[in-house]
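Please read the numbered points with the model in view.

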Amino acid sequence: MYLTHLECPRCGREHDAHRLTNLCDCGSPLLARYDLAAVAAAVTPERFGLRPADLWRYRELLPVADERHVTTLGEGWTPLWRAPAYGHEIGVADLIVKDEGLTPTGSFKARGAAVGVSRARELDVRRFAMPTNGNAGAAWATYAARAGMAATIVMPLDAPTICRRECVAAGADLLLVDGLISDAGRRVAELVAEADGAVFDAGTLREPYRLEGKKTMGYEIVEQLGWQVPDVIIYPTGGGVGLIGIHKALHELRELGWVSDRLPRLVAVQSTGCAPIVRAFAAGEERARPWADAHTVAFGITVPAPLGDELILTALRESGGTAVAVDDAEILTDLREFAAREGLLLCPEGAACLTAARHLRAGGWIRPDERVVVLNTGSGLKYPETVDVSAVPVG
Ligand SMILES: *Cc1c(COP(=O)(O)O)cnc(C)c1O
Ligand SMILES: [Zn+2]
């Protein structure tokens with residue numbers, strides 16, 4: 001294994017990676033660091049092409065030492081689909097969708113869960129608890145079952161009911177709260193405190209390794225484009241783990257010498273009903289203030305106070321990117337438009353990225369010849385109510 005330590009991006013303090021750790025003493029999430037010079041000496045990019053089509057192909061850049069701890073359902077290596085018809089309509093000829101809807105548990109959360117649970121198993125975790133907007137809980141419950149680990153999942157009542165069912169099916173202890181993910185987070189903090197060390201807090205970015213699973217989306221985009229980077233990557237941002245992860249992956253690839261110096265501009269997409277990052281980005285702030293009365297059809301991005309706000313804002317600014325808020329009505333229109341033109345039913349979070357692409361192209365921020373990759377973070381099948389069938393005739 002090439003993992004060397006955990007590093008605090010805020011105060012620079014180094015932490016032992018072989019011990020279970022949550023946040024730095026300064027309150028910041030921690031980032032896993034590797035001996036990248038040794039990785040570069042051990043593998044070449046061409047080698048990955050000979051390996052199985054899942055995220056474990058990047059094992060030198062993942063935090064699991066013993067292969068027996070790898071907990072997998074074949075996650076990763078999702079396809080890149082060109083979307084010429086829809087792209088032509090919005091003026092982005094080279095539009096590409098990375099379809100995470102084909103991941104086990106129907107969302108890219110399975111990447112974070114596979115790596116997070118595998119590492120937790122390696123560090124001897126027996127039970128964990130986490131707050132979730134639905135998909136993360138479903139994924140972690142699923143991988144916990146596979147690893148023989150116990151899970152307590154706390155989810156808002158409004159989360160998609162399929163995620164509830166997935167948790168119950170996987171044998172997790174499920175708690176529902178009448179509130180938002182931030183309320184679920186408070187409940188988890190109480191549970192963890194009461195358990196006095198017997199329950200690990202696996203909440204978003206409190207646990208450093210789910211980021212490592214999600215970063216593989218960044219490696220895959222680059223490898224699937226023939227070790228070339230696109231001009232723009234558009235990502236639906238809730239907790240921001242995927243965005244921070246893709247940013248981290250791109251920097252690691254650059255340090256490894258496997259991509260050129262010019263990196264893609266990263267775009268964070270939020271809903272006008274919950275846009276703390278967009279507001280902070282526009283105001284030039286380093287931290288995001290909590291968003292009041294959060295609500296959107298794109299449930300996976302309803303995160304009023306993301307713990308990784310600083311890291312998200314840094315990734316956007318460092319990459320020359322931006323942050324865009326889009327409204328629910330437009331999200332649903334683009335979802336249907338895309339399905340009719342390209343034959344893929346997106347999740348609303350993925351559709352929000354297409355709405356953002358349309359606006360950014362219309363405003364000139366995206367140029368007509370640029371290559372744009374959009375993340376469809378989950379399967380549209382998990383959100384059947386986004387398509388209204390009440391007017392379909394009987395007979
Ligand atoms: C969780 C989730 C998101 C947001 O992901 P983050 O990495 O936490 O920002 C986007 N889309 C879907 C479908 C999700 O489940
Ligand atoms: Zn710190």
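This is a predicted model: local features need pLDDT of at least 70, side-chain atom pairs count only at pLDDT 80 or more; totals for chains, interfaces and linings use all residues.

1. Residues are numbered from 1 along each chain as its sequence is written, chains are lettered from A and ligands numbered from 1 in the order in which they are written, and side-chain values use heavy atoms, with hydrogens and water left out.

2. Cavities and pockets are found on a 1 Å grid over the protein atoms alone: a cavity is a set of points where a 1.4 Å probe fits but cannot get out, a pocket is an open set with protein on both sides within 12 Å along at least five of seven lines, and lining residues have an atom within 4 Å of a point. Grid points are joined across faces, edges and corners, and a volume is the space filled by probe spheres set on the points. One cavity of 30 Å³ or more is present, and the largest cavity holds about 40 Å³ of space. Its lining includes Arg19, Arg119, Phe200, Glu207 and Tyr209. Helix H4 (residues 109–122) contributes the most to this lining, with three residues; helices (H or I, at least four residues) and strands (E, at least two) are DSSP runs, numbered from the N terminus.

3. The largest pocket has a volume of about 730 Å³. Among its 42 lining residues, Pro131, Ile181, Thr204, Gly239 and Val303 are the closest to its centre. Helix H7 supplies the largest share of the lining, six residues. By class, the lining has 18 nonpolar, 17 polar and seven charged residues.

4. The second largest pocket, of about 400 Å³, is lined by 19 residues, and Pro9, Leu31, Arg33, His247 and Leu311 lie nearest its centre. Helix H10 gives the most to this lining, with six residues. The lining divides into eight nonpolar, four polar and seven charged residues.

5. A nonpolar core is a set of buried Ala, Val, Leu, Ile, Met, Phe, Trp, Tyr and Cys residues joined through side-chain atoms within 4.5 Å; buried means under 20% relative accessible area, exposed over 50%, partly exposed in between (1.4 Å probe, protein chains only). The largest core has 58 residues, of which Trp258 and Leu316 touch the most other members. Helix H10 (residues 241–256) provides the largest share of this core, eight residues. A second, separate core of 32 residues includes Leu62 and Met149.

6. Rings of Phe, Tyr and Trp (its six-membered ring) pair if their centres lie within 6.5 Å; planes under 30 degrees apart count as stacked, over 60 as edge-to-face and the rest as tilted. There are eight aromatic pairs. In one of them, Tyr86 and Phe338 are edge-to-face, 5.3 Å centre to centre with 65° between the planes. Tyr86 lies in helix H3 and Phe338 in helix H13, so the pair ties together parts that are 252 residues apart in sequence. Tyr86 is buried at 0% relative accessibility, and Phe338 is buried at 2% relative accessible area.

Definitions and conventions: Ala, Val, Leu, Ile, Met, Phe, Trp, Tyr, Cys and Pro count as nonpolar, Asp, Glu, Lys and Arg as charged, and the others, Gly among them, as polar.
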